[in-house]
Amino acid sequence: MHLSRPEDIPNLHRLIDELLRRISDLEVSQAGLVRENAQLRAENARLKRQMNQDSGNSHRPPSSDGYSKKPALPRSKSRQSRGGVRGHKGHTLSQVMTPDEVVSLPVLQCSCGHDLSCVGQSLVARRQCFDLPEARMVVKEYQTFGCSCPVCGTYQASCFPSHIRAPV
């Protein structure tokens, strides 16, 4: 725009005011779009995480995985044997000096049929097995008693605890 005439100056002021108002409106609009963009990015990330969950990386049961086939484990091209590296000293349970129970396994009979139960035998080897004790139910019986008062003759009986409501 060329300002060749003095009467164009008020138009210039109106034009500048209009441009400033539009810039202000655009800044407000842009700030709202930035907020909305951040919210949408956060929601998108949350939904992607949710879509990538299966029974292997969440609390969901395997039946919720659907019919998709799980990828096979990659095979080694060099056909290496599985297990630890040769020469590596492993860490395992050690035998204890005083086991809870000892089971002796003496030789009872020779391959020729002769009875060896009375022959002195020497210990050849020991092996130990570590077992957890079998879980067993503990049954607790509650018994109530009653008697008659020797003074007034009223019969009194004890009561079961409040959580014992049936014979079993």
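In this report a residue is called buried when its relative accessible area is under 20%, exposed when it is over 50%, and partly exposed in between, with a 1.4 Å probe and protein chains only as cover. The structure is a predicted model, in which local features need pLDDT of at least 70 and side-chain atom pairs count only at pLDDT 80 or more, while totals for chains, interfaces and linings use all residues. Residues are numbered from 1 along each chain as its sequence is written, and side-chain values use heavy atoms, with hydrogens and water left out.

**Helix α1**

Helix α1 covers residues 9–51 and includes I16, which is partly exposed because its relative accessible area is 39%. Together with L20 and I23, I16 forms a nonpolar patch on the surface, with about 270 Å² of accessible area for the three residues together. Such patches are made of residues with over 30% relative accessible area and no salt bridge, nonpolar side chains (Val, Leu, Ile, Met, Phe, Trp, Tyr) being joined within 5 Å and like charges within 9 Å; the areas come from the Shrake-Rupley method with a 1.4 Å probe, and for residues only the protein chains shown count as cover.

A salt bridge is taken as a side-chain nitrogen of Lys or Arg within 4 Å of a carboxyl oxygen of Asp or Glu, and the whole structure holds one. Its partners are the side chains of R21 and E18, at 2.0 Å from N to O. R21 and E18 are both in helix α1, three residues apart, or about one turn of the helix. R21 has a relative accessible area of 45% and is therefore partly exposed, and E18, at 32%, also counts as partly exposed.

**Residues outside the helix**

Q53 is placed in the loop between α1 and β1 (146–148) and, at 33% relative accessibility, counts as partly exposed. F130 belongs to the loop between α1 and β1, and its 45% relative accessibility makes F130 partly exposed. C159, in the segment after β2 (155–157), is exposed, with a relative accessible area of 70%. The table lists C-alpha separations for these residues.

| Pair | Apart in sequence | C-alpha to C-alpha |
|---|---|---|
| Q53 and Y142 | 89 residues | 50 Å |
| C159 and S81 | 78 residues | 68 Å |
| F130 and R86 | 44 residues | 26 Å |

**Pockets**

On a 1 Å grid over the protein atoms alone, a pocket is an open set of points where a 1.4 Å probe fits, with protein on both sides within 12 Å along at least five of seven lines, and lining residues have an atom within 4 Å of a point. The largest pocket has a volume of about 910 Å³. Its lining has 22 residues, of which E101, V102, V103, R126 and R127 are the closest to its centre. By class, this lining divides into twelve nonpolar, five polar and five charged residues.

The second largest pocket has a volume of about 230 Å³, and its lining residues include Y142, F160 and R165. Eight residues of that lining are nonpolar, none is polar and three are charged.

Methods. Helix = DSSP H or I, 4+ residues; strand = E, 2+ residues; numbered from the N terminus. Points joined across faces, edges and corners; volume = space filled by probe spheres on them. Nonpolar A, V, L, I, M, F, W, Y, C, P; charged D, E, K, R; others polar.
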